[in-house]
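Please consider the protein below, whose sequence and three-dimensional structure are shown together.

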Amino acid sequence: MTVSTAEIEEAAGVLRAGGLVAFPTETVYGLGANAEDAAAVARVFAAKGRPASHPLIVHIGAAAQLADWVDDVPATARLLAARFWPGPLTLVLRRGRRVSLAATGGLETVAVRVPDHPVALGLLAAFGGGVAAPSANRFGSVSPTIADHVRSELGDAVDMVLDGGACQVGVESTIVDATSDSPSVLRPGGVTREDIEALLGGTVAVPETSQVRVPGQHPSHYAPRARVVLVDPQKVVAEAEAARELGHRVGALLPSRLSPSATGAVAGLHAVVAVPDSMAAYARGLYGFLREFDRRGCDLVVASLPVETGLGLAVANRLRRAAGPRPAA
Ligand code: TXA
Ligand code: MG
């Protein structure tokens, strides 16, 4: 679980040779390739089964390197980087020429972040360049928060896995479109909207949350194999019980104020997870909970949305995506 300097050096060599390295960040594990090597980046897409139009995040070692990777750093982007890096914030800016178009899915913008994890920062320092890395999972499935998730899902498609233990944040970074001086949140994540608004003053738009409220618009993402249904918190137990009576193998994410012992009814379910009281613990555990339902063979998971403030915005976003319509098989 601890990663040695020798392993980090070896991993940097794998990147230089065009290989793929899975590494821990504070959010989730990433599947990294040299951001300037189109062939290596193509291997990332192949390993994930991800459409080539879906851009990756370029990880860099320090905010001071930002100008090497983007064309222009607006004042707001500079402020955000200074306040939140290293940390779970990704800035979308105009692409610098160094970044392979393969990494940006052909876009003229690039997503960049400085992760807050000693192993990730060690790797970036040893490698010296930018590391294009999506989350280290198959496309559409749940992001990995421990090294075993990566190994079981990607296997031989990855040349080396650096095992840094469990990720502390547990949901992905907040993605901010910072190409202009009126930034918007493209994906809620580890840095809260409130923290961004406190820094910049005024409100910051989160277009994605309003979009995903429209049913049927978004195919599922961040999803376990089990179908996920979202209901009001006070209905989780009754819905789960009704589904079990219909013959489903049911898992439930029980809101913390409904303790399993208080309900009795949940005893017949296949898997029950009591949602942690703290939102940070819920975010940290979320993907592990979803994987646990799959491990127990559940075909249906009943859950409710948390209050969408602080990290609750990211947790609710991932639950909505998990419950979204599935692409045709
Ligand atoms: O926490 C994280 O962000 C993790 C760790 C490994 O850093 N990475 C991650 O990467 O979640 P990925 O590839 O699973 O998600 C990156 C998201 C994608 O939804 C992609 O559409 C968006 O970033 N993205 C990347 N480049 C973009 C761009 N130029 N404009 C808009 N969105 C972009
Ligand atoms: Mg991902």
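Pro-86 is found in the loop between helix H4 (75-84) and strand S4 (89-94), where helices (H or I, at least four residues) and strands (E, at least two) are DSSP runs, numbered from the N terminus. The model is a predicted one, in which local features need pLDDT of at least 70 and side-chain atom pairs count only at pLDDT 80 or more, while totals for chains, interfaces and linings use all residues. Residues are numbered from 1 along each chain as its sequence is written, chains are lettered from A and ligands numbered from 1 in the order in which they are written, and side-chain values use heavy atoms, with hydrogens and water left out.

The peptide bond that joins Trp-85 and Pro-86 is cis, with an omega of about -5 degrees. Tyr-222 belongs to the loop between helix H8 (207-212) and S10. As background, most residues other than glycine have a negative phi, and most peptide bonds are trans.

The chain is assigned domain 1 (5-200) and domain 2 (227-322); such bounds come from an automatic or database domain assignment. The C-alpha centres of domain 1 and domain 2 are 29 Å apart. To the contact between them, domain 1 contributes 21 residues and domain 2 contributes 13 residues, contact being defined by heavy atoms within 4.5 Å.

An antiparallel pairing is found between strand S8 (residues 174-177) and strand S9 (residues 184-187), joined by three bridges. Asp-177 has Ser-184 in S9 as its bridge partner. S8 and S9 form a hairpin, with six residues between them.

On a 1 Å grid over the protein atoms alone, a cavity is a set of points where a 1.4 Å probe fits but cannot get out, whereas a pocket is an open set with protein on both sides within 12 Å along at least five of seven lines; lining residues have an atom within 4 Å of a point. Grid points are joined across faces, edges and corners, and a volume is the space filled by probe spheres set on the points.

The largest pocket has a volume of about 830 Å³. Of the 39 residues that line this pocket, Arg-50, His-54, Pro-55, Ile-175 and Arg-187 lie nearest its centre. Strand S3 (57-59), strand S5 (109-113), S9 and H8 each supply at least two residues of the lining, and S5 gives the most, with four residues. By class, the lining of the largest pocket comprises 16 nonpolar, 16 polar and seven charged residues; Ala, Val, Leu, Ile, Met, Phe, Trp, Tyr, Cys and Pro count as nonpolar, Asp, Glu, Lys and Arg as charged, and the others, Gly among them, as polar.

The second largest pocket holds about 310 Å³ of space. Thirteen residues line this pocket, and Glu-153, Arg-225, Arg-291, Asp-294 and Arg-295 are the closest to its centre. H11 provides the largest share of the lining, five residues. The lining of the second largest pocket has three nonpolar, four polar and six charged residues. Because domain 1 (5-200) and domain 2 (227-322) both give residues to this lining, the second largest pocket lies between them.

One cavity of 30 Å³ or more is counted. The largest cavity has a volume of about 50 Å³, and its lining includes Thr-174, Arg-193 and Leu-313. Both domain 1 (5-200) and domain 2 (227-322) give residues to the lining of the largest cavity, so this cavity also lies between them.

Technical notes
Pairing = 2+ DSSP bridges.
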